[in-house]
Amino acid sequence: MLINKYKPKSLKEIFGHDLQIQELKKLILQKKPVLIYGNTGIGKTAAVYAIANDLDYEILEINSSDLRNKEQIDLIVKNFLQQKSLFQKEKLVLIDEIDNINISDRGGLQELIKLFENSEYPIILIANNPWGSKFKALRKECKLIEFKKLSDEIIFNVINDINKKEKLNIDKEFLSEISRNSRGDLRSAILDLELAKISNKNIDLREKKETIFNILKQIFNKREVNFNIFNALDEDLDEILLWLEENIPREYVNEELDKAFNSLSKADVFRGRIRRWQYYRFLVYQSLFMSTGVSLAKDKENNKFTNYQRTSRILKIWIMNMKNAKRKEFVKELAPNLNMSPKKLIKELPYMNFLKIS
């Protein structure tokens, strides 16, 4: 993939963060703990690796999801910090995505902070948003460095350089559109370039708006549609996903139906990751499975027209919520008097026949 092939290997290949990188390099040499923060895809992790490569440091990268408690901190991080490098190199620890550390993690953050005091090697933490209350103690112990969004010009120059090296022959107007749509996320822009390379097509960039019915007709009737076909719609991807879910059974049967819902389920997986981790670069994958994935589920193109229907799921959810509203209000008021959480009371309520919910 282009994202791996053109991953920066040196500070010469990092653009737009000169002052931040100078400060980060200085703190690494001073063996100070650092917390880097900023939006996804702007080069935070790449900058750490580039510095490590230039300094010839041995690097241990850990995802915060692997550091849930004191035992895991000791097993993974502490052991690494206490051991000398086999190659007589300096070391640094990189802990990515600390936003994912839950407030309920048993001593993970506290134990991590303790390691700062006696560590012989620098510890670098990376976050999208470090301003939550659970990171208050962490912010006090670390030097904070903010990486800002990259400009459209920088992103254009990078992907245009890749375009030339790969001989993709994608016109500059399309590259400019990718740059603008990336909103400062270089990784997202390179992923878009990758998809343009795969499809071997330039996308029509003219401003036009389509109805959901026309878009559904293209997806269900054609075998190949552009992955960004939804850009012409005012609806968001969540709404479009519900439209697809409602109408797929009207278009596909048997094996085609299985394939279409399999693609839709994969789109929903990426949707969940975007919501949990704020990885907006995954939007391109969600769109790809919802458009091209569903379209390719059929064996051949057809010209039939179906009267597509709006999803009924939202209405059903609203009706169910209205039915449960009185029960929820009752539980909310009663739970504190019984020294129970509302969640537990909901489970116990069926056994409390003596309670009357009017």
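**Exposure, contacts and packing**

Analyst: Lys31 is partly exposed, with a relative accessible area of 36%. The model discussed here is a predicted one.

User: In which loop does Lys31 lie?

Analyst: Lys31 is not a glycine, yet it has a positive phi of about 60 degrees. Its place in the chain is the loop between α2 and β1 (34-37).

User: Is Arg183, which has a positive phi although it is not a glycine, buried or exposed?

Analyst: The phi of Arg183 is about 55 degrees, and the residue lies in the loop between α8 and α9 (186-199). Its relative accessibility is 67%. Exposed means over 50% relative accessible area, so Arg183 counts as exposed.

User: How many helices and how many strands are there in the chain?

Analyst: Buried residues make up 44% of the 358 residues in the chain. Among contacts between residues at least 6 apart in sequence, 75% join residues at least 24 apart. As for the elements, the chain has 15 helices and five strands.

User: Which residues does Phe15 touch, leaving out those up to four places away in sequence?

Analyst: Phe15 sits in the loop between α1 (2-5) and α2 (18-29), and it is partly exposed at a relative accessible area of 45%. Its C-alpha atom is separated by 9.9 Å from that of Asn157, although the two residues are 142 apart along the chain. The residues that Phe15 touches are Leu150, Ile154 and Val158.

User: Are the helices α7 and α8 oblique or roughly antiparallel to each other?

Analyst: Helix α7 (residues 152-166) and helix α8 (residues 172-182) have axes that come within 9 Å and cross at roughly 135 degrees. Roughly antiparallel would require an angle over 145 degrees, so α7 is, in relation to α8, oblique.

User: What is the make-up by class of the contact of α7 with α8?

Analyst: The crossing of these two helices is right-handed. From α7 the contact involves Asp152, Ile155, Phe156, Ile159, Asn160 and Asn163, and from α8 it involves Lys172, Leu175, Ser176, Ile178, Ser179, Arg180 and Ser182. By class, the residues of the contact of α7 with α8 divide into five nonpolar, five polar and three charged.

User: Are α11 and α12 roughly parallel or roughly antiparallel to each other?

Analyst: The axes of α11 and α12 are 11 Å apart, and the two helices pack at an angle of about 160 degrees. Their crossing is left-handed. An angle over 145 degrees counts as roughly antiparallel, and therefore α11 and α12 are roughly antiparallel.

User: How many nonpolar, polar and charged residues has the contact of α11 with α12?

Analyst: On the α11 side are Asp238, Leu241, Leu244, Glu245, Ile248 and Pro249. On the α12 side are Leu257, Ala260, Phe261, Leu264, Asp268, Arg271 and Arg275. By class, the contact of α11 with α12 has eight nonpolar, no polar and five charged residues.

User: How many aromatic pairs are there by the ring-centre rule?

Analyst: Rings of Phe, Tyr and Trp pair if their centres lie within 6.5 Å. By this rule the count of aromatic pairs is seven.

User: How far apart in sequence are the parts tied together by the pair of Phe213 and Trp243?

Analyst: The rings of Phe213 and Trp243 are 5.5 Å apart centre to centre with 80 degrees between the planes, an edge-to-face pair. Phe213 lies in helix α10 (residues 212-221) and Trp243 in helix α11 (residues 237-251), so the parts that the pair ties together are apart in sequence by 30 residues.

User: Is Trp243 buried or partly exposed?

Analyst: Phe213 counts as partly exposed at 36% relative accessibility. Trp243 has a relative accessible area of 3%. Buried means under 20%, so Trp243 is buried.

User: With which residues is Ser287 in contact, leaving aside its neighbours within four places in sequence?

Analyst: Ser287 is found in helix α13 and counts as buried at 13% relative accessibility. Its contacts are Phe227, Phe230, Leu237 and Thr292.

Notes
Residues numbered from 1 in each chain as written. Predicted model: local features only at pLDDT ≥ 70, side-chain atom pairs only at ≥ 80, totals over all residues. Heavy atoms only, no water. Axes fitted to C-alpha atoms, helices over the stretch in contact; angles between N-to-C directions. Helix = DSSP H or I, 4+ residues; strand = E, 2+ residues; numbered from the N terminus. Parallel < 35°, antiparallel > 145°, perpendicular 65-115°, else oblique. Left-handed = near helix turned anticlockwise from the far one by under 90°. Contact = heavy atoms within 4.5 Å. Nonpolar A, V, L, I, M, F, W, Y, C, P; charged D, E, K, R; others polar. Phe/Tyr/Trp six-rings, centres within 6.5 Å; stacked < 30°, edge-to-face > 60°. Buried < 20%, exposed > 50% of the residue type's maximum accessible area, 1.4 Å probe, protein only.
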